[in-house]
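Hello,

Here is the structure you are taking over. My notes on it follow below.

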Amino acid sequence: MKMAEKLQALKQQVCCSIDEAKDKLHQLGDAIWRHPELAYEERQAHDTLVCFFTQETGWTVETHYKLETAFRATWGHVGGAEGGSVVNVGFLCEYDALPDIGHACGHNLIAESGAAAAVGLKSVLERGEAWPVPIKVTVLGTPAEEDEGGKVDLLREGAFEDLDVVFMAHPTQKNTTYMPAAAMHSVLVKYHGRASHASAYPWEGVNALDSAVMAYNNISVLRQQLKPDWKIHGIIKHGGVKPNIIPDYSELEYYLRASSHRDLPILRAKTEACFRAAAMATGCEVELLFEKNEFYEVLRNRTLEDLYEENGKALGMKFSTEGFSGSTDFGNVSHAVPGIHPCFYIGSEALNHTAEYTAACGADAAQFYTLLAAKALAMTALDVIFSPGVLCKVKQEFRDQAQ
């Protein structure tokens with residue numbers, strides 16, 4: 001059998017393997033959805049995924065891998081009939097939720113689709129054939145995407161160093177091969193003033209809320225002079241306790257976004273001037289607490305995108321060029337390892353980060369589409385492993401993009 005024919009047969013097998021596991025995969029995603037946990041607190045999700053891979057034969061599972069709520073599951077390697085270095089294919093699972101509204105971004109489905117793709121790929125590769133190259137499959141559980149960015153922490157700890165390519169997929173309203181994610185850095189701004197009775201002796205007070213309001217307006221005026229792809233948006237998180245007490249403390253949180261992480265220092269300097277000017281005008285003290293991790297923009301790999309789209313279309317997926325836009329710590333990963341972060345439709349028109357999307361991500365209807373995305377990921381991984389020259393092309397495009 002020619003390699004092209006064999007590859008198509010392997011793709012059919014991987015889809016069948018995922019279908020055979022659909023009930024336990026549904027249970028996995030549902031267990032995570034029913035117990036939403038915030039960033040770095042995903043202990044039950046961690047344990048649920050660890051249990052899943054521990055019960056699957058052949059996986060080596062490392063709990064609390066480099067971070068308290070991260071894990072790694074590995075399988076392989078097999079083959080190597082013609083020698084050569086190991087091809088290590090990685091799948092990423094996210095599983096943190098949002099405050100109050102739970103899995104409104106569908107990270108339970110990200111975890112399920114990553115696990116499904118890995119299990120499906122492994123089930124095909126373990127059938128005892130002498131493959132042309134040694135193969136390894138790695139699953140990384142990556143916490144805290146919605147907050148400080150667990151993938152950035154894991155990168156710093158060397159968790160991605162031996163991977164050749166990484167895959168994950170994110171639920172949204174459409175199937176797209178690319179998520180145009182911007183670089184992002186967040187900042188917490190704290191103003192400290194002095195409380196006083198607002199009616200009896202207001203002159204004794206230093207109004208921290210005035211600082212917050214001035215800072216908010218300063219940023220609003222600054223937006224007129226920003227590049228079209230720069231975005232600054234924020235909220236006042238604390239503004240006082242009673243109208244008759246001059247607030248001695250106020251707090252704001254802002255996200256700074258740009259198309260390239262190289263623009264973030266410029267954006268930080270401009271916003272910092274706005275925050276400090278408000279403190280100077282009101283006589284308050286100000287603290288600027290920038291998050292430890294920046295999120296980078298996602299580097300595209302069109303070779304992988306094209307393969308994913310081709311495989312998805314073979315499964316009946318219809319693709320759009322209008323993608324979900326935001327920021328993700330996968331962007332940092334894409335600067336270290338070639339990979340893709342496609343988005344997938346889950347049978348609902350509800351919008352991410354809403355209560356309606358939380359319900360959609362826990363609905364039975366989402367399962368069919370989640371496993372479609374998992375199949376397309378696993379099929380694309382087979383292309384990378386077995387199609388001649390594909391991995392070299394993927395890596396060359398990565399090097400060209402990263403320059």
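Lys24 is partly exposed, with a relative accessible area of 34%. In this predicted model, Lys24 forms a salt bridge with Glu56, and their closest N and O atoms are 2.5 Å apart. The pair joins distant parts of the chain: Lys24 sits in helix α2 (residues 22-34), while Glu56 belongs to the loop between α3 (43-55) and β1 (60-62), 32 residues apart. Glu56 counts as buried, because its relative accessibility is 14% and the limit for buried is under 20%.

The count of salt bridges comes to 18. Another of them links Glu126 to Lys122, with 3.1 Å between the closest N and O atoms. Here Lys122 is buried, at a relative accessible area of 3%, and Glu126 is partly exposed, at 37%. Arg276 and Glu272 also meet in a salt bridge, 2.9 Å from N to O. Both residues lie in helix α7 (residues 264-282), four residues apart, which is about one turn of the helix. Arg276 is partly exposed at 40% relative accessibility, and Glu272 is partly exposed at 27%. There is also a network: Glu148, Asp153, Arg156 and Lys292 are joined by salt bridges that share partners.

Next, the interior. Nonpolar side chains tend to be buried together in soluble globular proteins. The largest nonpolar core in this model has 68 residues. Phe53, Val89, Phe91, Leu121, Leu125, Phe167 and Phe386 have the most contacts inside it. Helix α11 (residues 365-386) gives the most to this core, with 14 residues. Apart from it lies another core, of 26 residues, which includes Ala215, Trp230, Phe275 and Ala278.

Neighbours within four places in sequence left aside, Val89 is in contact with Leu121, Lys136, Val137, Thr138, Leu163, Val165, Phe167, Ala381 and Ile385.

What is the count of disulfides? It comes to zero. Cys51 is in no disulfide, and the nearest cysteine sulfur, in Cys93, is 14 Å away. Cys51 is partly exposed, with a relative accessible area of 38%. Cys361 counts as buried, at 2% relative accessibility.

Ile236 lies in strand β8 (residues 231-238) and is partly exposed, with a relative accessible area of 35%.

His233 is found in strand β8 as well. Its relative accessible area is 33%, so His233 is partly exposed. Not counting residues up to four places away in sequence, His233 touches Arg223, Glu253, Tyr254, Tyr255 and Arg257. How far apart are His233 and Asp364 in sequence and in space? They are separated by 131 residues in sequence and by 35 Å in space, C-alpha to C-alpha.

Last, some backbone angles. Most residues other than glycine have a negative phi. Tyr40 is not a glycine, yet has a positive phi of about 65°. Tyr40 lies in the loop between α2 and α3 and is partly exposed, with a relative accessible area of 26%. Asp100, also a residue other than glycine, has a positive phi near 75°. Asp100 is found in the loop between β3 (87-93) and α4 (107-125). With a relative accessible area of 84%, Asp100 is exposed.

Regards

Conventions:
Residues numbered from 1 in each chain as written. Predicted model: local features only at pLDDT ≥ 70, side-chain atom pairs only at ≥ 80, totals over all residues. Heavy atoms only, no water. Helix = DSSP H or I, 4+ residues; strand = E, 2+ residues; numbered from the N terminus. Buried < 20%, exposed > 50% of the residue type's maximum accessible area, 1.4 Å probe, protein only. Disulfide = S-S within 2.5 Å. Core = buried A, V, L, I, M, F, W, Y, C linked by side-chain atoms within 4.5 Å. Contact = heavy atoms within 4.5 Å. Salt bridge = Lys/Arg side-chain N within 4 Å of Asp/Glu carboxyl O.
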